[in-house]
There are 2 protein chains.
Amino acid sequence: MREAGVDARKRRILQAIIEDYVLTALPVGSRTISRKYETSLSSATIRNEMSDLEEMGYLAQPHVSAGRVPSHKAYRLYVDGLLQNGFAVNDDAKGFFTSQIRQMEDVVTSAAHAIAELTHYTAVVMMPKQLEQRISCLQLVPMPRGAALLVIVTDTGAIRDTVIKVSDRLDSDALFAISRLLTERLAGRTLQEVQEMLGVYARMDGPDARVLEGIASLAAQMEKQSAQDTVIIGGSHNILSYPEYSDVEKARAFLTALEKKDQLTRLLSHHEAPFMVHIGGESGIPDMQDCAIVTAGYQVGKGHRGAIGVIGPARMPYLQVLSTLGAVSEALTELLGE
Amino acid sequence: MREAGVDARKRRILQAIIEDYVLTALPVGSRTISRKYETSLSSATIRNEMSDLEEMGYLAQPHVSAGRVPSHKAYRLYVDGLLQNGFAVNDDAKGFFTSQIRQMEDVVTSAAHAIAELTHYTAVVMMPKQLEQRISCLQLVPMPRGAALLVIVTDTGAIRDTVIKVSDRLDSDALFAISRLLTERLAGRTLQEVQEMLGVYARMDGPDARVLEGIASLAAQMEKQSAQDTVIIGGSHNILSYPEYSDVEKARAFLTALEKKDQLTRLLSHHEAPFMVHIGGESGIPDMQDCAIVTAGYQVGKGHRGAIGVIGPARMPYLQVLSTLGAVSEALTELLGE
DNA sequence: GTTAGCACTCTCGCTCGTTGAGTGCTAACG
DNA sequence: CGTTAGCACTCAACGAGCGAGAGTGCTAAC
């Protein structure tokens, strides 16, 4: 056994192979490298190097007389290099949000669509959970026919509303008075506290029982929805463009796995570094064994963190994807920062 | 040339062929019919009848020694029969909504998902346009950090909100006073009128300019969104389950055509009869030449009409689909009726 | 260490029988 | 006259066999 190091030349060759394969999706041969990338070396030399790289586990041959295909280990090396050396974010991508932003949900969905559009991959965006939201304001807005719209706003700026029935004797002034009273009593409490308090009030069974009930159910809903991370998916059928998924069965398995968002949630919610790349089995999602999942974190307010990402075949232009994600993540951090 | 009528026996045979083909997606031969459906007739007799039916354009042969496949004309005949004879709605489907309904949008999306789930096809639901909505109430809800949530409610029960910045000197009482004033001035006006009126106010450039601006933009947005029919799509990748779309290219074309919702909108917005079935080219959508689109209308309030539907290969269990759509349409009419 | 040359391997695409399903036609039957 | 049995015929699907081409590993020379 000879030396086990990956010297600079091997690295260059490996990179060339990866980049060619990302472009063509075809096994790449020694001649291709010798002519297109390392013109100073002959194909025979490349062959020797490739043979070494194969032995080290960076390359694989679909069959003996085909070219080489980069292994997941190769992508890993390549990506680690990118992450270390850094890369420029793609500023074009930053202006891609057309806004029309209503609230967090809207930002997040439009981010998912933007990423999918920009990268032509499947995009995932995690909306971070917001523990311990405190009520900031409660308001009843009159609606036609004895109904009212109950709006709850929390200190983090989350808004949720629901339509409830109220006595039709209550005009807008009365509703405002109630709103005021409720806000006074409930402002500053966490969603959980509110639910507990209302459990007590509810027994009184006054004329406002329906209102209180509405608040309780809305608070419960908000808490449930905010206690768990939510993942939004965009461009799910972009995957069909790639030869890796020309097999319909595989495509279907992929799309079905996407539906079950819990696995993705698990992956995205433990997001630490600014960028992460899960190649192949590293993601732990069985139906995405051949996929790479590239993710970037973003900051929302103080302390809360979310993540955005892209899912596609392991053969992926990592540099480009990373720089796009970087840009969107920055835009998102800015947008949600305040 | 012999007689051109489709007698009862031909009809029965045709129906058998359709039903078998819907099940198997395989060309059906004379022997199959003779053994599984018309046991009193020999395969030779069936062959003669099939030959007639082919001449009349109801059947086609993929190649000379394959069985027969029903033509679009055959489906048309079959469906017309179903529509004339009537069918029972599938009551199981009616209870499928788990509610959690916030407002119209929610009803409509959950309907789309329910239909997709129930039929295993791609579901489309049209939210009808609502011309001439009149403002019923305007309300500013205080939010942290000098922001406010502006909520507009119309007489049809549509709700829209947006976050705007306001002077942070305005407390909840002040906001209520403004809300009251605005409601007084604007209630009963159409969205269009409101926009016109605000054009005048805006020139005054008072401290509330931002509020008025917010109202105007929200009204514009509501009007834009309600003036055109909106189509929601659910279960778009169900199509991948069908052998007709085992070709990825076809699947991709289909999904891309789905994205361009305008063609579907055109189809759904001219919905007259309670049920309609567009087979093959009848839909006028090029990328859905081999599809059938089954739609059902529903009633929302007085006069407004929407439509729900299912898109899949022309080979479709029409009876089942129609009865499911019937049920959902009824449920929807009930839910949105009041 | 690099390179030219060469034998070798294996996929891909092609052709060519073979098989089997299903038809159309004809002649016989009730 | 409608129905049926029988039979020849057609054609897709499948698999085997073959040649071409791409790409390799190895060896020997530079």
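This is a predicted model: local features need pLDDT of at least 70, side-chain atom pairs count only at pLDDT 80 or more; totals for chains, interfaces and linings use all residues.
How far from a phosphate oxygen of DNA strand C is an N or O atom in the side chain of B:S30? The separation is 2.6 Å.

**The surface near DNA strand C**

The elements that give two or more residues to the surface near DNA strand C are α3 (43-55) of chain A and α3 (43-55) of chain B. Of the elements, α3(A) gives the most, with four residues.

In total, 21 residues surround DNA strand C. The closest are A:R9, A:T45 and A:V64 from chain A, with B:S30 and B:R68 from chain B.

For A:S40 the atom belongs to the backbone, whereas for A:T45 a polar side-chain atom is involved. B:S30 also uses its side chain.

| Residue | Protein atom | Distance to a phosphate oxygen of DNA strand C |
|---|---|---|
| A:S40 | backbone N or O | 3.4 Å |
| A:T45 | polar side-chain atom | 2.5 Å |
| B:S30 | side-chain N or O | 2.6 Å |

**The contact between chain A and chain B**

The size of an interface is often given as the accessible area lost when the parts come together. Between chain A and chain B the buried area is about 3400 Å², and carbon and sulfur atoms give 58% of this area. Chain A brings 38 residues to the contact, and chain B brings 38 residues.

Two salt bridges are counted between the chains. One of them joins A:D173 to B:R180, with the closest N and O atoms 2.9 Å apart.

On the side of chain A that touches chain B, at least two residues each come from the strands β4 (135-143), β5 (147-154) and β6 (159-165), and from the helices α7 (172-186) and α10 (248-259). The largest share, seven residues, comes from β4(A). By class, the residues on this side of chain A divide into 16 nonpolar, 11 polar and 11 charged.

Note on methods:
Residues are numbered from 1 along each chain as its sequence is written. Chains are lettered from A and ligands numbered from 1 in the order in which they are written. Side-chain values use heavy atoms; hydrogens and water are left out. A residue is near a molecule or strand if one of its heavy atoms lies within 4 Å of it. A polar contact is a pair of N or O atoms within 3.5 Å; within protein, one must be able to donate a hydrogen and the other to accept it, and residues adjacent in sequence count only if both atoms are side-chain atoms. Contact means heavy atoms within 4.5 Å. Buried area is the accessible area (1.4 Å probe) that two parts lose on being put together, summed over both. A salt bridge is a side-chain nitrogen of Lys or Arg within 4 Å of a carboxyl oxygen of Asp or Glu. Ala, Val, Leu, Ile, Met, Phe, Trp, Tyr, Cys and Pro count as nonpolar, Asp, Glu, Lys and Arg as charged, and the others, Gly among them, as polar.
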